Amino acid sequence: MSGSIAVTGFAHKQFTLAAGSPAKSEIYAFDPSDQVSSRSEIRAQGPSQLLATYVAGLALDGAGIKNSKELLADVDIYVATRGGERDTALDDKILHRIVSESAWGEALNAELSNLRPSLFLAQLQNIFAANISISFGITGRSITFMGGADAGVKALMQGIQRVQSGSAKAALIGGVFNGDRPDIREFYAGDMVADDANDFKRCELGQGAGFLVLELEEQAAAGGALNAIKLSPISLQSGDRQSAPYPNFFGERKPGSRGADGEQALFEAQFPTAIAKACAELSAQADQGAAGITVSIQLPWGTSAEVALARIN
């Protein structure tokens, strides 16, 4: 089976982080109960997980399938993410004992022996897809992709392939990145310095999530999907191996395109969020004659990925 792919649901939420500020972020500035009805599920999820689940719910709502148990049983989930939540207070406590006590090995073993088993569940990268599946009753296949902006591209490619082949009636694809997490800020601290040899010298970490619902265009039309947008196959352009290993997120964009980088880097969430934003823009400009938008993203080693979006009249 093959056919054109339509984006029938899309949603994104992105926050602006003050450069270098470790202050509490705006990621808490939404009500997850709008999409997640179970209070226990809300309590069990960290801020990044709640953001992903919330935005995924908005995309399912937009596609009109959030309450369709029959269809949700055949929906795949593909999520691009950096990893599960960290308990930073616990991390700090353990590190403090290691550096402050001479018998640091014994101190480390003592701390590790007291860890609660549920701590490790929250740190698993596939916890995002699991939470989305539990919250909305999605029982199809789920895969988590990791590895920077490439992960978001791979998640979309997998979703397109599964829907086109008929292996899934629909696919929920998305990404989440929380640059406000202390461990992520620490990880990129050396990449955010004014060094001409460093391609990240102007990189500012962002915070956001974007999700898309993909269906065959024929199925979307038969189901009466509103605001459906045609999605082209992903075009991958090979780069020069002599190029910088990582993209300059503030580089040139193709005329008439929408760069996936924005003002702040979202890494794993970069591509899905950019596409969701472009879909929203196309939908909002339907009365103004906007026909299509091209979304492109720069990947490591000078490669790039690009998709074209067009309104379905």
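These legends cover close-up views of a predicted model.

Residues are numbered from 1 along each chain as its sequence is written. Local features need pLDDT of at least 70, side-chain atom pairs count only at pLDDT 80 or more, and totals for chains, interfaces and linings use all residues, while side-chain values use heavy atoms, without hydrogens and water.

**View 1. Confidence along the protein chain.** The mean pLDDT (the predictor's confidence in each residue, from 0 to 100) is 79. At least 70 is reached by 76% of the residues. Among the elements (DSSP runs numbered from the N terminus: helices H or I, at least four residues; strands E, at least two), strand S2 (residues 75-81) has the highest mean, 96. Strand S8 (residues 257-259) has the lowest, 36.

View 2. Asp31 lies in the loop between strand S1 (5-15) and helix H1 (39-44). Asp31 counts as partly exposed because its relative accessibility is 38% (buried is under 20% relative accessible area, exposed over 50%, partly exposed in between; 1.4 Å probe, protein chains only). Tyr54 is 23 residues away in sequence, and its C-alpha is 8.5 Å from that of Asp31.

**View 3. Helix H8 against helix H11.** The axes (lines fitted to C-alpha atoms over the stretch in contact; angles from 0 to 180 degrees between N-to-C directions) of H8 (residues 149-164) and H11 (residues 270-284) come within 6 Å and cross at roughly 60 degrees. H8 contributes Ala149, Gly152, Val153 and Leu156 to the contact; H11 contributes Gln270, Phe271, Pro272 and Ile275.

Technical notes. Contact = heavy atoms within 4.5 Å.
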